Amino acid sequence: MPAVHHKLLLEEALQDSPQTRSLLSVFEEDAGMLTTYTNQLLQSLQRVFGAQSEMGLATEQLSKQLLDYEKKNFALGKGDEEVITTLQNFAKTVGELNSLHSELANQMADSMVFPLIQFREKDLTEISTLKEIFSIATDEHEAAMVKYSRLPKKKENEKLKSDLVKEVAYTRRKQHQASLQYYCALNALQYRKRVAMLEPMLGYTQAQISFFKKGVELVSKKMDNFLSSVSHMTQNIQAQLDAEAETMRGSQRELLSVEDTVYMPDKDIEPVNRTLIQKAGYLNIRNKTGLVTTAWDRLYFFTQGGNLMCQPRGAVAGGMVLDLDNSSVMAVECEDRRYCFQITSPSGKTSMILQAESKREYEEWICTVNNISRQIYLTDNPEAVAIRLNQTAIQAVTPITSFEKRPEGSPNPDRAKPGGVHVSGSGSQKTGTAPEAEDLIAPGTPIQFDIMLPASEFQDQNRAGGRRTNPFGETDDDCSTESDDSLLQQVFAVRFLGSMAVRCGDNQEVIYEAMRQVLAARAIHNIFRTTESHLMVTSSSLRLIDPQTQVTRTSFQLGEVCQFAAHQENGRLMGFVVEGRDWSDGDEEGEPSFSAFVFESNTEGEKICYTISLAKEITEAKKDPEALAQLMKNMPLTNDGKFLLLEPETGDTTNPDGQEDSESEA
């Protein structure tokens with residue numbers, strides 16, 4: 001007799017994954033079909049038992065009727081003595097048969113009907129009861145998780161948090177215990193149903209053979225081997241059931257002997273793994289239920305290749321939610337919930353906000369999506385590539401005495417894209433070999449990830465004569481500046497990634513190295529949040545403007561921008577180097593100092609670089625009226641006499657005259 005191969009794994013009861021639930025549904029469907037079949041089989045067996053009982057009553061009545069023939073005293077009954085004697089003998093034989101039928105009916109009741117009734121009332125009823133208990137425990141755990149997920153991030157009530165954590169742990173343990181008992185009962189049912197199907201027929205056959213044994217000794221001998229084999233089979237199945245039950249009891253004791261931290265959320269002991277390229281687990285997803293209302297649903301998410309998949313409970317397989325190739329992920333603040341992050345498609349049209357259960361899950365999901373977005377999974381050894389990128393990120397922000405040489409194939413300033421061509425009076429210095437990283441940026445140089453606007457400066461900018469960009473066209477003390485910038489005003493939507501001091505400003509390699517170190521520092525320190533700003537490029541300066549308040553956060557004179565370039569592989573990245581003066585040494589002229597600024601645009605950074613290049617050309621052309629006229633003749637102009645580059649990018653930017661500018665599509 002082959003052993004039972006299909007069973008629920010007790011080790012997966014705590015995780016309660018959709019795969020386990022899907023397998024559980026198969027067992028539940030099997031149990032439901034078994035219950036239906038058992039009821040039908042029991043009806044058939046009870047009909048046989050009823051027929052046999054009726055046979056006993058009929059033979060008893062027949063025996064009495066045969067004996068009553070003598071008592072009738074028929075008027076013409078004389079000479080019927082032989083008939084009466086024969087009928088009495090028949091009555092005796094029928095009486096003996098009646099005792100055999102009664103004994104057969106009793107044997108059928110004990111060995112055929114009763115075992116199946118016991119199996120239905122005990123085993124199948126136990127399965128139904130455990131299923132209800134498991135369902136109640138699951139609902140309680142879901143309710144506890146919903147309350148825990150709503151725990152606010154700031155100004156936490158420690159007592160409330162402690163109570164919710166205990167409630168989650170209690171309901172999770174309760175669900176675990178209920179699932180273990182339910183799984184054990186379903187596994188045991190696979191053995192018990194075989195015994196339950198075989199035992200009634202074994203009892204029925206033995207009762208029939210006992211009934212016919214006196215007259216069919218030859219036949220009974222032929223059945224002995226078969227009956228003994230069936231009996232041996234049931235004994236083997238019972239022995240397997242006992243061994244499996246003992247194993248499941250041991251596994252159950254071992255799984256329940258874990259510490260309480262296993263059931264508590266946000267109690268992770270293991271460190272965060274930042275090199276994952278696959279991830280699976282439950283997340284809360286925010287869904288819109290109306291114009292201003294939202295709801296959070298707890299679903300099972302997993303990654304498959306470059307796709308984010310979602311599998312609801314009870315579903316056989318998961319469906320794709322979002323393509324993660326070239327997507328972006330960042331931490332967000334959402335409805336006062338903790339551990340929230342947002343995944344956005346490359347086009348920016350599709351995004352979703354998810355909430356992790358713990359800080360470790362939150363960081364691992366962000367790192368995993370970030371790794372997948374780089375298409376690491378398409379390499380021959382994705383695990384090794386992810387580890388190497390993580391080590392590179394750590395080295396990029398770790399102060400060391402020297403840097404390794406840049407590997408071959410690194411960006412070459414001589415082969416820069418058209419948007420990154422350096423336009424400066426001094427010109428770019430072309431060298432035969434790429435400079436060392438420590439020659440471009442000093443090791444251990446701090447990185448600034450945001451441009452903070454002082455409160456005093458913010459107040460000054462809101463006063464008359466400040467640097468506020470006025471969308472309504474009023475003019476004040478900055479009339480001369482607006483006049484100088486009237487030839488070119490282009491606005492690009494950008495996100496500031498970071499800035500740092502550099503050692504030189506005459507080489508585009510310094511911009512590429514600054515990009516590498518800023519992105520590596522953001523990755524290693526989990527700084528994914530960025531603020532969108534408007535970069536206004538005019539013929540005299542570069543301004544970084546707050547899109548909400550229209551306040552200039554910082555500005556650079558165009559003459560101070562000595563180098564600018566777009567990244568050769570990621571076209572949305574661009575940066576520029578600003579030259580300043582350092583008077584700390586007491587020198588009257590001051591020593592030159594350089595700072596690199598790195599931005600991410602919505603489209604290609606080459607467009608921003610092209611606009612800066614055009615602004616420098618306009619600045620040079622202003623010195624020669626003929627050159628300016630020739631430049632204006634070669635470039636298309638708007639109706640108000642400004643240079644027309646591309647279609648507008650931001651719809652809320654207007655020129656000082658109240659008319660919309662034609663801006664680039666960055």
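## Overall make-up

The chain holds 12 helices and 14 strands. The model is a predicted one. Of the 666 residues in the chain, 41% are buried.

The chain exposes about 36,000 Å². Carbon and sulfur atoms supply 52% of that area.

## The largest nonpolar core

The largest nonpolar core has 34 residues. Seven names stand out for touching the most other members: Leu 24, Phe 119, Ile 127, Tyr 182, Tyr 183, Leu 186 and Leu 189. Three helices, α1 (18–71), α2 (81–149) and α3 (158–212), each supply at least two residues of this core. The top contributor is α2, with 12 residues.

Leu 189 shows how such contacts are made. Leaving aside residues up to four places away in sequence, Leu 189 touches Ala 31, Leu 34, Phe 119, Leu 124 and Ile 127. Two of these partners, Phe 119 and Ile 127, are themselves listed with Leu 189 among the residues that touch the most other core members.

## Helix α10

Helix α10 covers residues 509–524, 16 residues in total. From its first C-alpha to its last, α10 reaches 22 Å. That is close to the 22 Å expected at 1.5 Å a residue.

Most of α10 is covered. Of its 16 residues, 13 are buried. Just after the helix, Asn 526 takes a positive phi of about 55°.

## Strand β1 and its partners

Strand β1 (residues 280–288) pairs with strand β2 (residues 294–304). The two run antiparallel, over 9 bridges. A hairpin of 5 residues joins β1 to β2. Within this pairing, Tyr 282 has Tyr 300 of β2 as its bridge partner.

β1 also pairs with strand β7 (residues 351–355). Here too the sense is antiparallel, with 2 bridges. On this side, Ile 285 stands opposite Leu 354 in β7. In a regular strand, side chains alternate between the two faces of the sheet.

Notes. Residues numbered from 1 in each chain as written. Predicted model: local features only at pLDDT ≥ 70, side-chain atom pairs only at ≥ 80, totals over all residues. Heavy atoms only, no water. Core = buried A, V, L, I, M, F, W, Y, C linked by side-chain atoms within 4.5 Å. Buried < 20%, exposed > 50% of the residue type's maximum accessible area, 1.4 Å probe, protein only. Helix = DSSP H or I, 4+ residues; strand = E, 2+ residues; numbered from the N terminus. Contact = heavy atoms within 4.5 Å. Expected span 1.5 Å × (residues − 1). Areas by Shrake-Rupley, 256 points an atom, 1.4 Å probe, with all protein chains shown as cover. Pairing = 2+ DSSP bridges.
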